[in-house]
Amino acid sequence: MTTVLQTESLTKAFGRLVAVDDVDVAIDSSEITSIIGPNGAGKTTFYNLLSGQYTPTEGEIRLRARDGEDGEGDEDGLVTITGREPHEISRLGLSRGYQINNVFEGLSVIDNVRIARISRDKRTLDLFSRATKDQALTDEAWDVIELTRLEDVAESKCANLSHGDVRKVEIAIALATDPSVVLLDEPTAGMNASETRKMVDLVRRLDRETDTTFVLTEHDMEVVVGISDRILVLDNGSLIAQGTPEDVMADERVKEAYLGEGEEQ
Ligand SMILES: Nc1ncnc2c1ncn2[C@@H]1O[C@H](COP(=O)(O)OP(=O)(O)OP(=O)(O)O)[C@@H](O)[C@H]1O
């Protein structure tokens, strides 16, 4: 087992409300992990802590940094990212695919991927080597476009894409930074059945073909069971269960947590 992301006693309180409560998790590089839980369970807050949008009230977050950024790692190769700025966490290798809002709609798909790649490399405009760099950049961006099967729409403006393709662009942008971990927020939200199936296949294939570890939040239980090797269940901010889809779906506390949600609606 190789841990890529780890939390210890991770806690976030908003006044008296404890949205994430003393959560210990270790995410393995060989597994697709989904974080699930009823409405208000703390999933978004947990993600915001991991990506640096929120500073924890207590606890630690550690990340296996991407290649070339691991100089600061401690003996198990993990870097403490607690309290660091989102851009710094992203540079270290944790990339978050946001719903739509990190895609520049007025630009083509390939330009979006090129920009993400530039931000990763902090390439400077060195006039003498610019042409060579531009070619390398374009080649690298194309690799990502091929990996995410976006060839047919590579030159299209993102504003003209289908919802399913925009979500693929988000993943391409995240992958362009060579991350060790990608956090996806409900990757199949708003998709029809066929788009959903394609997204599940895409994430599973990317998991096999890249060194990146995927972590998802997702409401659609069919997707969760179909895509995940491991599921973490939050309820009222606490981690109430974790395991394989079969184990988690059979867990009495998980059934109760979701039953409670159904009664409220
Ligand atoms: N910025 C904030 N200030 C105060 N309370 C917050 C804040 N963000 C979240 N909360 C509260 O923390 C709890 C967890 O919310 P969170 O959005 O993390 O849950 P969630 O599992 O993502 O829910 P959903 O599935 O409905 O999106 C909720 O009670 C919510 O009202």
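**Notes on the sheet, its helices and the ligand shell**

1. Let me start with a helix: H5 (residues 163-175) lies across strands S6 and S7, running at about 165° to S6. Helices (H or I, at least four residues) and strands (E, at least two) are DSSP runs, numbered from the N terminus. Contact here means C-beta atoms, placed from the backbone, within 7 Å; axes are lines fitted to C-alpha atoms, for helices over the stretch in contact, with angles from 0 to 180 degrees between N-to-C directions.

2. A word on the model: it is predicted, with local features needing pLDDT of at least 70 and side-chain atom pairs pLDDT 80 or more, while totals for chains, interfaces and linings use all residues. Residues are numbered from 1 along each chain as its sequence is written.

3. The open sheet has 6 strands in the order S6-S7-S8-S3-S9-S10, with mixed pairing (two strands pair if DSSP finds at least two bridges between them). Strands S6 (94-97) and S10 (238-243) are at the edges with a single partner strand each, so one side of each has no neighbour in the sheet. From one strand to the next, the twist averages 20°.

4. S7 (residues 181-185) and S8 (residues 213-217) pair in the parallel sense over 5 bridges; leucine 184 has leucine 216 in S8 as its bridge partner.

5. Helix H1 (residues 43-50) lies across S3 (33-36), S6, S7, S8 and S9 (230-235), at about 150° to S7. H1 also gives the largest share of the ligand shell, 3 residues.

6. Around the ligand (C-beta atom, placed from the backbone, within 6 Å) are residues including Phe14, Leu17, Lys43 and Thr44.

Terms used
Two residues are in contact if their C-beta atoms, placed from the backbone, lie within 7 Å.
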